Structure formats: C-alpha cells, structure tokens
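Let's take a walk through a protein model together, one stop at a time.

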Amino acid sequence: MIDQKTQDELREIAARYPEARSGLLPMLHLVQSVEGRITPEGIELCADILGISAADVSGVATFYTMYKRRPVGDYHVGVCTNTLCAVMGGDAIFERLKDHLAVGNDETTEDGRISLEHVECNAACDYAPVVMVNWEFMDNQTPESAVQVVDDLRAGKEVHSTRGPRICTWREAERVLAGFPDGRADDGPAAGPASLVGLGIARERGWTAPDAHLAVTSGQEEGQ
Amino acid sequence: MTTLTPVLTDNWGDERAWTLAAYEARGGYQALDKAFAMAPDAVIESVKESGLRGRGGAGFPTGMKWGFIPQDNPKPKYLVVNADESEPGTCKDIPLMMASPHTLVEGVIISSYAIRANKAFIYIRGEVLHVIRRVQRAVEEAYAAGHLGTDIHGSGFDLDVVVHAGAGAYICGEETALLEGLEGRRGQPRLRPPFPAVAGLYASPTVINNVESIASVPSIIANGHHWFSSMGTEKSKGFGIFSLSGHVQTPGQYEAPLGITLRELIELAGGIREGHELKFWTPGGSSTPLLTAEHLDVPLDFEGVGAAGSMLGTRALQIFDDTTCVVRATLRWTEFYKHESCGKCTPCREGTWWLVQVLSALEKGQGSEADLDLLLDQCDNILGRSFCALADGAVSPITSSIKYFRDEYIAHLTGGGCPFDPSRTTAWAGQEVTA
C-alpha cells in the first residue's frame, strides 16, 4: 500500500509542470524509491493521478532502462561496457564482478545487497573505466578496486564516490531523482582530477582567453 | 601552437565552485543585468553576431535558432536545456554542471529572457545523481537570491526553472524525443516539420539547446560578441571543451578555441600511451565517423572535420592505440545503437539488429569477405532512411572502419578470429609488462 504522504508527493511532482503528465518520469522515480521497483500499484496510482490509462504508464515504465520491474539491490552497480570503457578495462571488471558476486547481468545477489548490470556510456570517459554505484561515479576502476567496493558495500561499510559523496541506497537516490533533494549537494569537491587537467596546464603556462576589453576595442575599430 | 582558453572551465578548480557565493565572487550573475538592460531582440542579435553554434553536436547557429521563435504566437514560449549527455565519448556537460551549475542557470535566465520564455526546463539524464543534486541546489539558491522567480533584478521579467531527471534512454538526447520524455511519454522522435521552434513542448514554440551552448551565453553577453568571435576559425567561432579519453597519458577536459588540432591536444595530454601509436579516434562521439593518424592536423572545427569526412560533433575525442581491435570497437558501438534504437522506425529497429548479427560473426572470424559488402549494403539502407540521426550515427563507425581498416576485418576471417589480445588495451596493461 502506497501511503498518503507518497500519494501527496506524486501529486506535488505533477503540479510542477504546466501539464501534469510531464511529471510521469520523476513520479516513477518516486514510486521506485518507496516500492523498490515499478509495481502494478505504483503504475495504477500514477495513472489515476494523471488521468491516463495504466497501459500508458506501463508503456513509459518499460521504455526507460532506469525503471526496474524486479527488485534491485540496495546498491545497484553498473559497469560501463561501451567501447571506450570496455577497451580500457570495463569488460574485465564486469567479468570479475559477475564471477565474484555469482550473478549475471541484471541480477541481484541472494542477500539483496548488490545488483549488477552493464551500462552504456555514462559521460565520464576521461575517467575510464567507470563503474556507477546508485548512479554515483566510481572513476578509474580496476577489477580489484571494483571487488573491494562491492565487498565493502555488502559488509555495510561506508563507501564514497571517487568524486566525494557517500554512497546512499538505491531508494534514497531515486528520491533525489524524483526532485526531492537530500541536502547533500555540498559533498565532495567541485571536480575530479581529469576535469581539471586542461585548466591546470593553462594556469601553469599563463594561458587565458583573450582580454575582453582588448577584444571590444578592436571590435569597435572594425565596426568603424 | 594554439593555447588553451579556459572560460567555462575557468572556475572549476575554485573552492566550492558550485555554490552561489563562489560564482558571484567572481562576477557571476552580472551578465544578467547587462542582458536586462538590452532589448530581448538585441540579446538574440548579440548571440547571432558572436557566431556561437550549438555545442550539442549539430552545430546549428544558436542565435538563429532563437530567432525562429515566432513572437506573434500567443502560446507560451519554452526553453529546454538538453542535459541528456549520453553520446559515447562525450563527457563535458556533466563535469560542467557538477563544478559550476550557476553558469548554466545564468545562461538559462539570459536565454529565456531573449526568447521571452517564462518557464524553462533542464532535462538531465537520470544516471548522474550528484550532478542532479548540484543543479537542484543551484536553482534553489538562484530563487533565494532573486535571480529566478518574479520580477528578476527588478526587470519585470519572470522565470521559473524545473530540473527534470530522465530515466535512461540515449534517444532522449535527440531533441524531439527529449520533448516526448518531458511530456511524460516514451522517448520517440517526432516527425519534422513542424520544428520545435514552432510546435515543441506542449505544441508551443520551444528552443532546445545543449548545456554548453547555454553556458556560453553569459560570457558572450558579459564580454561582447567580438570577444567571443575573436576566438576560433572563420565559420566556427569561440571556444569549446575538448574531451580526451582513452589511450592518452592524461585524459581530461581541455577548453580551447575551435580549430585546435588533435596533434596539439595529444601533445598537451602528454602523448599517446607509452610505447604505442595512435590507431583511430572519434572526433565527436561514436556517431561521428572514425579518423586515423593521417588526420592529426585536421582543424577541429565544423568545416575542417567535415572536409575530412567526419563531423565535429561534441568534441568527444576517444583515442585508441595500436593494441585496440577496430572490429571489437565497432561491434560494441553497434550493439549500443541496437540497444538504444527506440523502435519507432523500421530501418533503425531492424537494421541495427542485422548489423549486430553480421558484425558479430565477422568478429568471431565467421563468414566471408562478401559479408563486408553486405554490411555496407545494410548501412546504405539505413543511412538517411530513418526518423532521426540515431541510425545515421549507427552506421558511422561501420562504414568508416571498413574504409580505413578493411584488412583488419579480413584478418579476422583468415585467422579464424580476433588477432588482438584484449588484455593489452586496458588502463592497467602497461604496468604489468614493464621489462
């Protein structure tokens, strides 16, 4: 049974938009945060709130890969095996994790702690090979480091993204995606090291973009 | 030697760069007042004059796109930011939003003012939790400081911004599929015309721009369009973030004027991995045809890369050295396109499936040389025959890899399998073979 608070929050999401149906994607994220997956009840409730059919909602829920119809683990581990990460070691990491956790793609460990899938490019190619845990970045992984991460998570230890934030549970992450911030935006640094390499070189060599005043002056001269 | 020009990346190393306090401390939100002192059409004109072209891959002139919004249309106008960065190799918008979300928010306000939109949406792919936290916080802070809401800075201009998380679908980077997702539907592209400028979100006039395009706007307004167009090349003005990944010594983000070359960028990145040579690379993500070492001096601008037979795309430079099998790389990309095909149109839905069948067999050394022609024939039946550019992108790695590495495909057939050792390509491979 989805409680009244969640029902109110689902309506609150729909109300953010000029047309309520626009709220469906974040609403389904909220359903996952309370139900642990997309449930028939969650689908019916979204359909009721939006005044559309359950089939319409199902059609959307089955289109997007982040929506899960079976329960995932408390920690959902995604190994990038798109070409760049695969070549840099993602394939080896994925094989090692499957073996270590004794699960296949899109499966969950018996203790319900870890689920594993291979994911497509997650926009961190300069940190390849990349593993995502509950959609936080684990940059520059090796098979050994990835095994350490899942072992620590299974043991209940606190694990941090390589870019700072403490890894929360999958359900907690889904709530943030639904548009209910958890107040942790300040965790971690502004950028990981690879994001800063060009800037570092520019600083070291004294390179900058052109001076705005000079550009304006020469521009005005051109104009005359 | 082209020098780097940090503008968008300039504050990424600042202490707590993502906060309003840090952004304002270095002049943030001052471009907003300058924009409000201008008429909206003058802002559009300035962006047109700057020569800014869309940074999401297609390179359409941003100011011209804004100018297409029919201002006599009585419906509300909308600005939608495409923050669905998913093109394989592309990794610039995500660090931008993580490090300096206020640059994007200020850009959203100025751009919305220019096109006269009172509601804007930032559609961020769902798989980047901390980035979404940072953008949510930036929007909250901007409201609290009076940069968003009603009568912003006393200008009489009102703007509301909604941060919207996607749910996993590469296709939603295609602008009309993104609109479908934002309307709560399956992300399948729409037939055009009508174009979004006329009938976009809720069938209303809509501008959809990439994160980096919108984030470039405050600097153009603050420093003037002459400043922006003083960088770059004749038809590709300004700076852009170049993302180097793969087999270079120092992968990362390098912000430079358009027209810099890969040779220059690789030199800045410390060269190719020790003891190896450049084999092939993508100039702008996997949907842009592969190039090779013979293209090291191609100017990385829209015209230069186009003339070399590829596309500038998103400046996602994925670098592969001589340990990498091009057939393995191509097969993996093809599997990606098959997985991400939305299924709406037949050439893409069926075609990408068949491409994977034929390529998988070739990669295992099965089939015959005639299968290469079969592959090219399949590509010919897909390219330009689909609803959107996803399918065009899907054939790019195949046709370009056969063009440059036909012998390598044949070596798979004659050798009965892949001649490469995949363990030699990994990030840690070099450490194990030291003398």
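Which residue just after H8(B) takes a positive phi? That's Gly184(B), with a phi of about 80 degrees. Before we go on, some housekeeping: this is a predicted model, where local features need pLDDT of at least 70, side-chain atom pairs count only at pLDDT 80 or more, and totals for chains, interfaces and linings use all residues. Residues are numbered from 1 along each chain as its sequence is written, while chains are lettered from A and ligands numbered from 1 in the order in which they are written.

Among the buried ones are Glu175(B), Leu178(B) and Gly181(B). What does the covering? The cover includes strands S1 (78-83) and S2 (119-124) of chain B, and also H2 of chain A.

That brings us to the other chain. In total, 71 residues of chain A are in contact with 83 residues of chain B, where contact means C-beta atoms, placed from the backbone, within 7 Å. On chain A's side, H5(A) gives the most, with eight residues. That side divides into 44 nonpolar, 18 polar and nine charged residues. Here Ala, Val, Leu, Ile, Met, Phe, Trp, Tyr, Cys and Pro count as nonpolar, Asp, Glu, Lys and Arg as charged, and the others, Gly among them, as polar.

Next, zoom out on chain B. It is divided into domain 1 (20-229), domain 2 (239-321) and domain 3 (326-422), with bounds from an automatic or database domain assignment. The centres of domains 1 and 2 of chain B, taken over C-alpha atoms, are 27 Å apart. Between them, 13 residues of domain 1 are in contact with 16 residues of domain 2. The domain 1 side has three nonpolar, five polar and five charged residues.

Our last stop is an open sheet in chain B, where five strands run in the order S6-S5-S9-S7-S8 with mixed pairing. Strands pair if DSSP finds at least two bridges between them. S6 (252-257) and S8 (291-292) of chain B are the edge strands, each pairing on one side only. S5(B) and S9(B) pair in the parallel sense over four bridges, and Leu244(B) stands opposite Leu317(B) in S9(B).

Key: Contact = placed C-beta atoms within 7 Å. Helix = DSSP H or I, 4+ residues; strand = E, 2+ residues; numbered from the N terminus. Buried ≥ 20, exposed ≤ 12 C-beta atoms within 10 Å, placed from the backbone.
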